[in-house]
Amino acid sequence: MRAVDDRAALCWLARRAGFGLTPEELDAAVRRGPQAEIERLLSSEQIASAVSNRLWDDADLPLTNKDRKEGVAAIGLWTTYMAVTPTPLVDRLAWMWHGHFVSALDKVKVARLMANQIRLFRSAGLGDFTELLRAVIIDPAMLVYLDGAQSTGTEPNENFGRELLELFTVGLGAFDENDVKAGAAALSGWTVDRQTGLAVFRLRRHDDTARTFLGREGVHDVDTVVGAVVGHPQLAARIAALVGGELLGSANEALLAELTAAFTANDLNIADLVRAALSAGVGGRAEPVVLAPVPWLAIAMRLTGATPPVGALGLGLRTAGQVPMLPPNVAGWPGGVAWFGTSTVVARANLAAVVANNTPGTSTVLRAAASNDLTELAVALGLVDPTFGDGSSSALAAAKPGVQRLALAFCTPEFVVA
Amino acid sequence: MLSRRHFIQLGAGLAVGVALDSCASTRRDLGAPAASAPAFTPGSLGRASVAQHATGHVLVVVQLNGGNDALNTLVPSDGRYRDARPTLAIPEADLVALRGVSDWSLHPSLAPLAPYFAAGNASFLPGIGFDDPERSHFVAMDRWWRADAIGATTGWLGRVLDADATAADTPLLATALGSGAPQLRGQHFQPATVLQPSSFALPRLLDASLFTTAARPTSTSALVAQAQAAFLASVGAVGSFAELLGDPTSTSTDVATRAGGFDLVHGLDIAAKLAVSNLGVRVVVVSVGGFDTHANQAATQKSLLADLGNGVDAFMKSIAAAGASDRVLLATTTEFGRRVQQNGSGGTDHGAGGLSMMFGPMVAGGIHGAVDLGDLLDGDIRPSLDPRTLYTACLDWLGAAVESSLGKRYDQVALLA
């Protein structure tokens with residue numbers, strides 16, 4: 001009995017806290033058990049291993065280059081890496097932070113700066129939230145994306161100051177226009193050195209006047225801004241709700257209070273918050289969610305071992321409405337049932353066809369799709385509840401066994417909803 | 001004989017639209033059915049019959065995401081404008097005059113639109129915006145798409161589309177091009193969303209019948225049932241789109257593609273085809289982004305407005321060439337105008353009162369609304385025209401029940417002639 005429950009828990013964990021597992025990887029995880037797997041995913045070895053892989057070769061991403069080609073390659077590399085990462089939770093959290101602390105390549109233009117920001121999310125995304133926030137505020141891609149790089153003490157630019165409060169941290173209702181202005185002034189002077197791609201502080205562009213910000217007096221620089229934000233009574237619950245929403249679908253009040261308590265117990269340690277959320281999830285307290293196109297695609301690629309041409313993936317993801325490094329606006333991607341829009345449905349069909357057509361003949365999942373046992377297919381796909389509903393079953397039965405059936409299976413509600 | 005696809009491959013734009021429409025007229029004269037989309041043979045002219053003229057009124061909304069800077073779009077002659085924008089004001093020599101108007105001019109990129117104004121077929125609505133504005137993109141957009149019904153999950157157009165009996169058989173009844181359009185979201189009604197018309201088609205590997213099979217029977221799980229409904233909506237929309245634009249070519253990478261990228265010129269070209277088709281289209285929302293010009297606004301807005309000006313001009317010409325001018329109203333929306341005073345980055349921060357535009361022979365041509373640069377609201381243009389006034393006109397145009405969307409009519413200014 002325990003084995004069955006553990007398998008369901010680990011299927012859930014693989015699909016929601018990572019980018020899926022192959023049937024062989026899943027078996028190994030089941031042998032370890034859910035709690036041990038959560039600790040393994042959060043271990044310092046995993047984080048060290050993730051940090052040691054910088055993903056992109058800087059030589060491929062020259063700072064002087066704003067070419068589209070480099071950007072496409074940088075996006076393609078990250079997308080395909082998600083499907084093979086040996087550190088799935090680190091990369092899943094990096095993906096979450098990318099959708100939260102948003103920057104976008106279409107404005108940042110230099111792909112290296114975007115790559116460096118993703119590297120930050122991979123190295124600090126499970127660490128101390130205060131350190132992550134401080135690093136985000138002076139992250140070069142962020143300084144370009146929300147115009148901090150052009151903000152000066154005499155003429156502060158409010159773009160970052162507003163979104164820092166409205167979207168990234170305390171939320172609407174917790175601040176007013178004076179906080180936006182005070183934050184912008186305190187952060188003025190930080191800009192990007194175009195030669196090195198690094199953030200630099202130019203004292204003569206900075207307004208060091210001490211102001212009241214989020215109810216705290218004496219705020220005048222990055223550290224005092226960060227201190228006021230993380231000290232705000234709403235901050236921990238907002239970030240707990242973000243992580244809860246991402247990993248658990250939605251969190252009710254009691255669960256949210258648990259997550260917030262776990263987050264604040266150790267001075268806003270993100271790993272503690274994630275551990276609490278994942279423990280609740282493997283305990284059956286998660287809600288079903290619609291997988292966004294990128295994690296969905298990564299899961300399909302990992303399951304099959306397919307390595308399709310990056311150009312086809314990019315085109316499909318554009319139609320789906322989710323291209324890594326190109327969120328639609330500073331609020332990131334809309335989620336949930338927005339992914340049932342017609343364009344996304346059509347794009348999933350195209351991407352599923354690309355993945356299925358590029359699946360090696362040796363793939364366990366493809367062999368399951370070639371058999372006439374739909375339960376075998378559902379198990380191979382790692383579905384938490386390994387059954388297809390009536391509609392999906394009749395369509396899968398009508399599909400040609402093998403590649404066509406596999407592609408269709410990726411489109412079924414049972415596979416798309418995790 | 002040239003196929004429809006061949007025409008499209010020749011390039012987007014007016015010439016193609018006219019060529020297609022002339023095919024359509026010929027076909028109609030030959031007596032092809034007009035009421036429903038006929039079965040088509042790929043590559044034949046048969047499908048062009050969907051481009052026949054329908055009869056109902058159509059609304060096309062152009063959404064400029066990010067908050068277009070109103071003051072550099074419709075430029076006031078008030079000297080305080082130049083004082084507030086020492087480096088960002090449009091040079092007087094570059095301004096495009098509007099016939100019969102002395103206190104406003106157009107950004108040079110919008111020169112193609114001046115003749116419509118001169119002919120009485122365009123109106124500009126400066127100062128449009130909700131009372132008690134906030135400077136958040138997201139609050140402002142929410143208020144616009146819900147028509148200020150805070151907390152509502154339905155959009156101002158979705159609420160009337162819910163009542164449209166043709167919705168079930170008309171996959172493209174309301175179509176969002178370029179990005180999602182929450183204003184089209186109803187209690188039950190879901191619009192067709194086409195982010196990339198160039199790749200909006202099913203792959204060769206998976207034919208539509210597999211998805212229609214998977215959609216039945218409806219699951220007892222609400223999420224699965226929604227996914228099944230999305231299958232049916234998507235298969236329908238893909239079919240109608242193929243009738244309109246032709247089948248895409250299958251590429252070696254197995255993602256279906258047609259020619260064309262996405263900007264307003266391209267999006268409005270497709271909107272025009274949708275508007276004059278007999279696919280039952282009533283509303284099209286075309287969205288583009290990039291208007292959040294906190295920095296280096298001059299160059300950015302210049303190219304964005306060129307896309308808008310050229311796109312609307314080509315759209316109006318396509319509609320006219322199809323003989324459908326009397327049926328199609330175009331209106332532009334954006335979340336807010338920007339701060340009057342330019343910032344230190346050559347841009348403008350979030351503001352309040354904005355600008356909408358309306359095009360078509362049915363509009364009450366002229367300037368409706370007012371901006372007083374001597375009476376600002378915390379540095380912003382004070383909203384003087386409720387967006388629901390624009391919505392009332394648009395809903396009237398669609399013959400929809402205004403009250404069911406907006407609660408009451410907002411017709412203190414008559415925007416339709």
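This is a predicted model: local features need pLDDT of at least 70, side-chain atom pairs count only at pLDDT 80 or more; totals for chains, interfaces and linings use all residues.
Chain B contains 12 helices and 13 strands, and buried residues account for 57% of its 417 residues. Among the contacts in chain B with a separation of 6 or more, 73% are between residues 24 or more positions apart. The contact between the two chains draws 49 residues from chain B and 56 residues from chain A. On the side of chain B that touches chain A, the elements that contribute two or more residues are α5 (137–146), β7 (192–194), α7 (208–214), α8 (222–245) and β9 (256–257) of chain B. Of these, α8(B) gives the most, with 11 residues. By class, this side of chain B is made up of 26 nonpolar, 19 polar and 4 charged residues.

The helix α5(B), which supplies two or more residues to the side of chain B that touches chain A, is largely enclosed by the rest of the structure, because 7 of its 10 residues are buried. These buried residues are B:His137, B:Ala140, B:Met141, B:Arg143, B:Trp144, B:Trp145 and B:Arg146, and what covers them includes β11 (328–334) and α11 (387–398) of chain B. Backbone features of note occur on both sides of this helix. In the loop between β5 (122–128) and α5 of chain B lies B:Asp132, a residue other than glycine whose phi is positive, near 50 degrees. B:Asp132 counts as exposed because it has 9 C-beta neighbours inside 10 Å, and 12 or fewer is the criterion for that class. Just after α5(B), a positive phi of about 60 degrees is found at B:Ala147. Elsewhere in chain B, the peptide bond that joins B:Arg216 and B:Pro217 is cis, with omega about -10 degrees, and B:Pro217 is placed in the loop between α7 and α8 of chain B, both of which are among the elements that supply two or more residues to the side touching chain A.

In chain A, the domain assignment gives domain 1 (2–230) and domain 2 (293–416), and the centres of these two domains, taken over C-alpha atoms, are separated by 28 Å. The contact between them takes 32 residues from domain 1 of chain A and 25 residues from domain 2 of chain A. On the domain 1 side, at least two residues each are supplied by α1 (2–16), α2 (23–32), α5 (68–82), α6 (88–100), α7 (105–108) and α11 (158–168) of chain A, with the largest share, 8 residues, coming from α5(A). The residues on this side of domain 1 divide into 22 nonpolar, 7 polar and 3 charged.

The helix α5(A) also packs against α8(A), their axes coming within 9 Å and crossing at roughly 20 degrees. Since angles under 35 degrees count as roughly parallel, α5(A) and α8(A) are therefore roughly parallel to each other, and the crossing between them is right-handed. From α5(A), the contact is made by A:Glu70, A:Gly71, A:Ala74 and A:Trp78, and from α8(A) by A:Ala111, A:Met114, A:Ala115 and A:Ile118. By class, 6 of the residues in this contact are nonpolar, 1 is polar and 1 is charged. The loop between α7 and α8 (111–124) of chain A holds A:Lys109, which has a positive phi of about 70 degrees although it is not a glycine. A:Lys109 counts as partly exposed because it has 18 C-beta neighbours inside 10 Å.

The residues that make the contact are A:Ala240, A:Val243, A:Gly244, A:Leu247 and A:Leu248 of α14(A), together with A:Leu273, A:Val274, A:Ala277, A:Leu278, A:Ala280 and A:Gly281 of α16(A). The contact of α14(A) with α16(A) comprises 9 nonpolar and 2 polar residues, with no charged residues.

Methods:
Residues are numbered from 1 along each chain as its sequence is written. Chains are lettered from A and ligands numbered from 1 in the order in which they are written. Two residues are in contact if their C-beta atoms, placed from the backbone, lie within 7 Å. Helices (H or I, at least four residues) and strands (E, at least two) are DSSP runs, numbered from the N terminus. Ala, Val, Leu, Ile, Met, Phe, Trp, Tyr, Cys and Pro count as nonpolar, Asp, Glu, Lys and Arg as charged, and the others, Gly among them, as polar. Domain bounds come from an automatic or database domain assignment. A residue is buried if 20 or more other C-beta atoms lie within 10 Å of its own, exposed if 12 or fewer, and partly exposed in between; C-beta atoms are placed from the backbone. Axes are lines fitted to C-alpha atoms, for helices over the stretch in contact, and angles run from 0 to 180 degrees between N-to-C directions. Angles under 35 degrees count as roughly parallel, over 145 as roughly antiparallel, 65 to 115 as roughly perpendicular and the rest as oblique. A crossing is left-handed if the near helix is turned anticlockwise from the far one by less than a right angle, and right-handed if clockwise.
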